[in-house]
Amino acid sequence: MEHLKIASDNYVAFTFFIGTMAMMAASVFFFFELSTTSQKWRTSVLVSGLITFIAAVHYYYMRSYNLETGDSPTFFRYVDWILTVPLMCVEFYLITKKAGAKIGLLWRLIFASLVMLVTGYFGETIDRGNSVLWGVISGAAYFYIVYLVWFGEVANLAQTAGVQVAKATRVLGWFVLVGWAIYPLGYILGTPGGLLGIQLVSDPAAASHAMDIVYNIADAINKIGFGLVIYTLSRSED
Ligand SMILES: *C/C=C(C)/C=C/C=C(C)/C=C/C1=C(C)CCCC1(C)C
């Protein structure tokens with residue numbers, strides 16, 4: 001097989017490569033730190049490591065898929081998200097559990113995240129002609145998660161779970177509000193519906209490249225950043 005080289009102006013392949021490395025390094029870090037993590041936070045830090053590890057495996061695959069075909073690995077991107085985003089919901093449940101979080105809250109968060117991702121997948125692949133409609137439904141599910149974390153049950157429980165949990169939940173809330181909002185931006189750049197029918201990038205290849213770069217940057221920020229907030233919490237006093 002021909003040896004594939006990343007061209008110096010191939011930012012898509014480059015961000016897939018950096019993403020793979022970053023997710024691998026973060027996983028090694030979280031897993032190794034487990035041995036010095038107190039019992040109370042061990043599951044939370046383990047889940048942080050699982051999130052970046054699952055992403056590392058997908059990124060390893062997506063990196064070579066993209067390099068060999070030049071295409072966007074949309075299917076595996078969504079497989080990754082469908083596994084990792086619910087695990088981020090698990091993190092919210094785990095840190096508020098001691099304050100009385102019920103399993104129903106976890107299921108609601110997971111259900112909303114699945115609606116958000118499945119409708120996004122429809123808009124990107126199966127029914128691209130209606131990408132605005134699917135994007136709006138996905139956005140509604142996204143705002144429901146934002147609501148739960150900022151004003152709903154997660155926020156209320158975090159208030160009674162101690163200063164450190166409240167602080168961590170607030171920072172994670174910023175990740176959900178700002179870090180996760182990068183994804184709809186990638187979707188708007190990459191789908192034909194664009195933003196309410198306005199196509200921002202008209203060349204289809206350039207649009208799909210823009211989308212991949214935005215998603216790759218967002219994944220690194222959100223998965224590793226989220227994990228580090230949990231890690232910091234595990235090193236706090238309460
Ligand atoms: C590690 C992966 C994460 C945190 C992925 C998060 C993905 C989203 C928040 C995606 C959201 C979308 C919308 C809100 C509307 C358009 C379609 C999506 C799926 C890109």
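Phe14, Phe17, Ile18, Met21, Met24 and Tyr60 form a nonpolar surface patch of about 580 Å²; members of such a patch have over 30% relative accessible area and no salt bridge, with nonpolar side chains joined within 5 Å. Areas follow the Shrake-Rupley method with a 1.4 Å probe, and a salt bridge places a side-chain nitrogen of Lys or Arg within 4 Å of a carboxyl oxygen of Asp or Glu. This is a predicted model, in which local features need pLDDT of at least 70, side-chain atom pairs count only at pLDDT 80 or more, and totals for chains, interfaces and linings use all residues. Residues are numbered from 1 along each chain as its sequence is written, and side-chain values use heavy atoms, without hydrogens and water.

Helix H1 (residues 11–33) gives the most to the patch, with five residues; helices are DSSP runs of H or I, at least four residues long. Tyr60 lies in helix H2 (residues 39–69) and is partly exposed at 49% relative accessible area, between the limits for buried (under 20%) and exposed (over 50%).

Val176 belongs to the buried residues of helix H7. Beyond neighbours within four places in sequence, Val176 contacts Phe92, Tyr142, Ile145, Val146, Ala181 and Phe226, contact being heavy atoms within 4.5 Å. Cover for the buried residues of H7 includes H2, H3, H5, H6, H8 and H9.

Definitions and conventions
Patches are made of residues with over 30% relative accessible area and no salt bridge: like charges are joined within 9 Å, nonpolar side chains (Val, Leu, Ile, Met, Phe, Trp, Tyr) within 5 Å. Helices (H or I, at least four residues) and strands (E, at least two) are DSSP runs, numbered from the N terminus. Buried means under 20% relative accessible area, exposed over 50%, partly exposed in between (1.4 Å probe, protein chains only).
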